[in-house]
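Reader: I'm new to this one. Could you walk me through it, one question at a time?

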Amino acid sequence: MTRIHGSCIEPEPTDLASELETCSCPRCAQTAQRWFIEHAEDGSLNSYSGLSCQACGLETGSFPGDP
Ligand SMILES: [Zn+2]
């Protein structure tokens, strides 16, 4: 699912199109979630992705606005 809100820049999560998929954690091999975000910035669409594991607390990836 992709939603693009023109060139309006808002750091709110509601402005993001995101997807989650289940995968296995690279660190602890438990069930983790991989996420994808597409964010419209200055008319261009940037993609972000990362991984979140609640079993061991592993968090990877970058969010819009991160350096
Ligand atoms: Zn883990």
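Predicted model: local features only at pLDDT ≥ 70, side-chain atom pairs only at ≥ 80, totals over all residues.

Reader: What share of the 67 residues is buried?

Author: A residue needs 20 or more other C-beta atoms within 10 Å of its own to be called buried. Of the 67 residues in the protein, the share that gets there is 6%.

Reader: Where is Ala29 found, and is Ala29 buried or exposed?

Author: Ala29 sits in the loop between strand E1 (17-24) and strand E2 (31-41). The cut-off for exposed is 12 or fewer C-beta neighbours. Ala29 has 11 other C-beta atoms within 10 Å, so Ala29 is exposed.

Reader: What about the backbone there: what is the phi of Ala29?

Author: Most residues other than glycine have a negative phi. Ala29 isn't a glycine, yet its phi is positive, at about 70°.

Reader: Which loop holds Asp42, and what is the phi of Asp42?

Author: Asp42 lies in the loop between E2 and strand E3 (44-52). Asp42 is another residue that is not a glycine, and its phi is positive, at about 55°.

Reader: Is Asp42 buried or exposed?

Author: Again, 12 or fewer neighbours is the cut-off for exposed. Asp42 has 7 C-beta neighbours inside 10 Å, so Asp42 counts as exposed.

Definitions and conventions
Residues numbered from 1 in each chain as written. Helix = DSSP H or I, 4+ residues; strand = E, 2+ residues; numbered from the N terminus.
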